[in-house]
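Subject: The model, plus some notes

Hi,

Here is the structure I promised to pass on. Have a look at it first, then read on for what turned up.

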Amino acid sequence: MLRALVRLDVDITAVVTVADDGGSSGRLRREMPTMVPPGDLRMALGALSRDDEDGMLWGRTFQHRFEGSGVLAGHPVGNLLLVGLMEVTGDPVTALDTAAELLHARGRVLPMSRHPLDIVADVTGLDDDPRAVRQIRGQVAVATTPGTVQRIFVEPALAPACPEAVAAIRDADVVTLGPGSWMTSVLPHLLLHDLASALSQTPASRVVVLNLEPQPGETDDFSQEQHLDVLVRYAPDFRIDTVLAHTGAVVLPQRLARAVHRAGAELVVAPVGDPSGAPRHDPVALAAAMAPVIAAAVDRRGGDRAPLAGTPAAAGIGQGQMTSEDEGGPAWR
């Protein structure tokens with residue numbers, strides 16, 4: 001999503017989850033439990049890095065992972081730099097703004113909270129008794145559970161949202177939600193009270209971008225309309241204006257249209273998938289589909305430019321369903 005939005009004339013703010021506990025981020029969280037995990041924030045910054053010589057060099061360096069078998073092996077340079085900046089400045093927002101300047105980023109990246117969060121889920125299907133409910137803790141564990149997620153929530157439940165993120169959402173012309181891991185990257189924004197209130201009360205147009213396919217573990221066998229129904233169930237006060245779906249991912253168009261109508265939204269179906277057939281969004285096609293949606297929203301508000309708060313999975317970053325950093329870094333399909 002961010003790689004699509006940088007192709008448009010908009011002011012971008014990416015609001016990113018801070019519950020990652022896999023790979024490099026998980027290792028850093030265990031060593032520094034009060035620090036927000038840097039991995040998803042790093043990926044957002046990388047997607048926004050400017051495509052000039054300096055921006056590309058710093059972008060590649062930021063994403064570079066140390067090789068070998070020592071204590072640094074597997075850590076991306078950007079993760080260590082962000083953690084160092086957070087320690088020096090004492091504030092993750094200041095650290096991210098500083099890193100954004102270094103990368104010549106074409107937008108701002110904010111954490112959904114200044115406090116690290118845990119994703120917790122009630123899951124069935126893990127015991128002989130199919131009705132038995134077990135509680136699974138951690139983003140990676142929830143994203144890869146072989147059971148069926150019945151309920152999901154974040155802890156601490158009363159953690160304050162990042163005030164800058166709340167302000168960006170309230171001031172935006174357009175807010176995007178998705179694509180991303182539905183349970184662990186998209187829903188958390190609607191589970192943190194202050195952020196959910198901002199998303200419900202903002203005068204911005206709200207755009208939900210559906211994933212191209214279900215994610216094993218989180219959304220096995222989910223149809224497009226089930227992804228949407230889950231959002232409505234968890235956040236009944238969240239008004240949706242537009243639902244964007246990929247042409248090739250819509251199996252039952254009438255059923256999806258009915259679900260979108262129930263949500264009070266307009267359905268836009270466009271070829272936004274990768275032309276190769278790989279299960280990921282194409283940034284160029286996604287930008288083309290988003291352009292008229294953003295233009296209409298700005299016209300309605302009478303603005304001359306478009307502040308935009310993106311929440312991926314990241315904040316919708318690049319593609320659509322996020323895998324753990326154990327798989328080589330967050331990636332959206």
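A nonpolar core here is a set of buried Ala, Val, Leu, Ile, Met, Phe, Trp, Tyr and Cys residues joined through side-chain atoms within 4.5 Å. Buried means under 20% relative accessible area, exposed means over 50%, and partly exposed is in between (1.4 Å probe, protein chains only). Before the details, note that this is a predicted model: local features need pLDDT of at least 70, side-chain atom pairs count only at pLDDT 80 or more, and totals for chains, interfaces and linings use all residues. Residues are numbered from 1 along each chain as its sequence is written, and side-chain values use heavy atoms, with hydrogens and water left out.

**The core**

The largest nonpolar core has 97 residues, and Leu45, Val109, Ile152 and Leu195 touch the most other members. Helix H14 (residues 283-301) supplies the largest share of this core, eight residues. (Helices are DSSP runs of H or I with at least four residues, strands are runs of E with at least two, and both are numbered from the N terminus.) In general, nonpolar side chains tend to be buried together in soluble globular proteins.

Take isoleucine 152: leaving aside its neighbours within four places in sequence, it is in contact (heavy atoms within 4.5 Å) with Ile119, Val120, Ala121, Val142, Met183, Leu187, Leu191 and Tyr234.

**Strands**

Three strands make an open sheet in the order E4-E3-E5, with antiparallel pairing. Strand E4 (133-137) and strand E5 (148-155) are at the edges with a single partner strand each, so one side of each has no neighbour in the sheet. On average, neighbouring strands of this sheet are turned by 25° against each other, direction ignored; the axes are lines fitted to C-alpha atoms (for helices over the stretch in contact), with angles running from 0 to 180 degrees between N-to-C directions. Strand E3 (residues 118-124) pairs with E4 over five antiparallel bridges, and valine 123 has arginine 134 in E4 as its bridge partner. Pairing requires that DSSP finds at least two bridges between two strands.

Elsewhere, strand E6 (residues 174-177) is covered on both faces: Val174 and Thr176 are buried on one side, Val175 and Leu177 on the other. E6 runs parallel to strand E7 (residues 205-209), joined by four bridges, and valine 174 stands opposite serine 205 in E7.

In strand E8 sits threonine 242, which counts as buried at 9% relative accessibility. Beyond its neighbours within four places in sequence, threonine 242 is in contact with residues including Arg206, Val207, Val208 and Val293.

Helix H13 (residues 253-262) has Leu256, Ala259 and Val260 as its buried residues. Down the axis of H13 they fall within an arc of 100°, so they line one face of the helix; the arc is that of the directions from the helix axis to the C-beta atoms. Gln254, His261 and Arg262 are exposed on the other side of H13. What do the buried residues of H13 pack against? The partners are helix H12 (224-234), strand E8 (242-246) and strand E9 (266-270). Just after H13, glycine 264 takes a positive phi of about 75°.

For helix H8 (residues 163-171), the buried residues are Ala165, Val166, Ala168 and Ile169. These cover an arc of only 160° around the axis, which puts them on the same side of H8. Pro163 and Asp171 are exposed on the other side.

**Backbone spots to check**

Most residues other than glycine have a negative phi, and most peptide bonds are trans. Here are the exceptions I noted:

- Glutamate 155 and proline 156 are joined by a cis peptide bond, omega about -5°; proline 156 lies in the loop between E5 and H8.
- Glycine 178 to proline 179 is also a cis peptide bond, with omega near -5°; proline 179 is in the loop between E6 and helix H9 (182-186).
- Histidine 104 has a positive phi near 55° and sits in the loop between helix H6 (92-103) and strand E2 (108-111). Histidine 104 is partly exposed, at 29% relative accessible area.

Proline 307 belongs to strand E10 (residues 306-311). Proline 307 and valine 10 are 297 residues apart in sequence, yet 5.9 Å apart in space, C-alpha to C-alpha.

Cheers
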